[in-house]
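Have the structure open as you read.

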Amino acid sequence: MRTVTLHDHDGLHVWATITADGELLIQGQDLGGYPGASEYEYAFRVSSADVSTVRAALDASDGDDLLSLLEVAGEAIVRRGERAWTEGMGITAEFWSRIEPRDAPGPAGGRTGGHQAAPAAPGTKPSHAPEAETDDDEPLAPADRFTLSRAWWIAGQLVRRHPALMVSRVVDAEQVPLLIVHDAAETIRVQFDLPAWIQYMTPDGLRQITWGEVFAEADPLAVVRTIETEVGLGAPIEARDSPQSLAYRTIACALALGLDSTATWQAVHARIDIADPDETHWELFDAFPTGRALAQDVIDAAHERVATSGAFAFHQPVWALLRDVQPIALLSVSGSVHTATGEVDLTAAFEDAGRSISAMTAAVFRGYLP
């Protein structure tokens, strides 16, 4: 079978082929880069029924060779992460992986047992939580609620300073949550691995900032400036809030205000399925009086865009804020928050609160905060 290379450097080789059954098979081999392993192999198999969706996403004409298009787009696909790329098209690919342990113990935090998790960027490895330190002089990792709150704060500031960016969330095969800041084409991707670090690609290779380093900074914006410089975002515009950044910053502020609560706070996608609306997470939207209308507006707008412009990459636009897994609000990147009492315009509420994100968040969620 003919194969094409998507990525081949820093010990990571990724290639694609079309099987005899018409399926798209993307395979990867990482030699010695995965913590605790001498070799990591993985594969994504896209069914023949979904290959047409891949062709549409690549703007392929009837006569275009799909493998050639994949070869051209390969670096961007691997940078984004093969799983995120397929899921962004609404495709659930079959996944397989294998790890060959090193003879000698690997780096701290590495794993030597087999598991399923896909790399998210060239040279990156499947997310893994650091193991507990055995040396009393080594600090323990911060609790998840602290890293989650700080990850959202950094994400909100990046979007505030660079309005073309957006935030997404995925959970890998080990149920490790990953918060991702990226642009629409995913040529820029900053990944927040909540148990371990922030990581992203630079012209010199993979960069990782541990949460210990993040919390050691006296100036929180220092981490933001480091990321935007090393990723190549350029000089930020005059920082000002858009409806989208207000939604993200409101989530960050709610998580920060809930740090001392006995409840567990979280923000997840309120998933909308534009291809099959019945698969939308209606239970989240129906928890609020204006929720179903919000989801239906998103579905209608997506269908209208498909009808006028054709296929496009759909990014989930609604977040559910959870308190002890119970939804207390929906936040849309279009600039609205939906609670049990109805819809609130974030821009108007922000102005009413004297442009204080803390005052606005406290006012909107005052019945739930400690």
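## Charges over rings

In this predicted model, Arg-292 places its charged end over the ring of Trp-282, at 4.1 Å from the ring's centre. There's another arginine to look at: Arg-83 lies over the face of Phe-95, 4.9 Å from the centre of that ring.

## The ring cluster

Phe-95 also belongs to a cluster, joined through ring pairs with Tyr-42 and Phe-44. In total, the structure has seven aromatic pairs. Take Tyr-42 and Phe-44: their ring centres are 6.1 Å apart and their planes meet at 75°, so this pair is edge-to-face.

## The tryptophan pair

Now for Trp-152 and Trp-319, an edge-to-face aromatic pair with 4.8 Å from centre to centre and 85° between the planes. Which parts of the chain does this pair tie together? Trp-152 is in helix α4, which covers residues 144-161, while Trp-319 is in strand β12, residues 318-323, so the pair links parts that are 167 residues apart in sequence.

As for accessibility, Trp-152 counts as buried at 0% relative accessibility, and Trp-319 is likewise buried at 0%. Both calls follow because buried means under 20% relative accessible area.

Key: Residues are numbered from 1 along each chain as its sequence is written. This is a predicted model: local features need pLDDT of at least 70, side-chain atom pairs count only at pLDDT 80 or more; totals for chains, interfaces and linings use all residues. Side-chain values use heavy atoms; hydrogens and water are left out. Rings of Phe, Tyr and Trp (its six-membered ring) pair if their centres lie within 6.5 Å; planes under 30 degrees apart count as stacked, over 60 as edge-to-face and the rest as tilted. Helices (H or I, at least four residues) and strands (E, at least two) are DSSP runs, numbered from the N terminus. Buried means under 20% relative accessible area, exposed over 50%, partly exposed in between (1.4 Å probe, protein chains only). A charge sits over a ring if NZ of Lys or CZ of Arg is within 6 Å of the ring centre and within 35 degrees of the ring normal.
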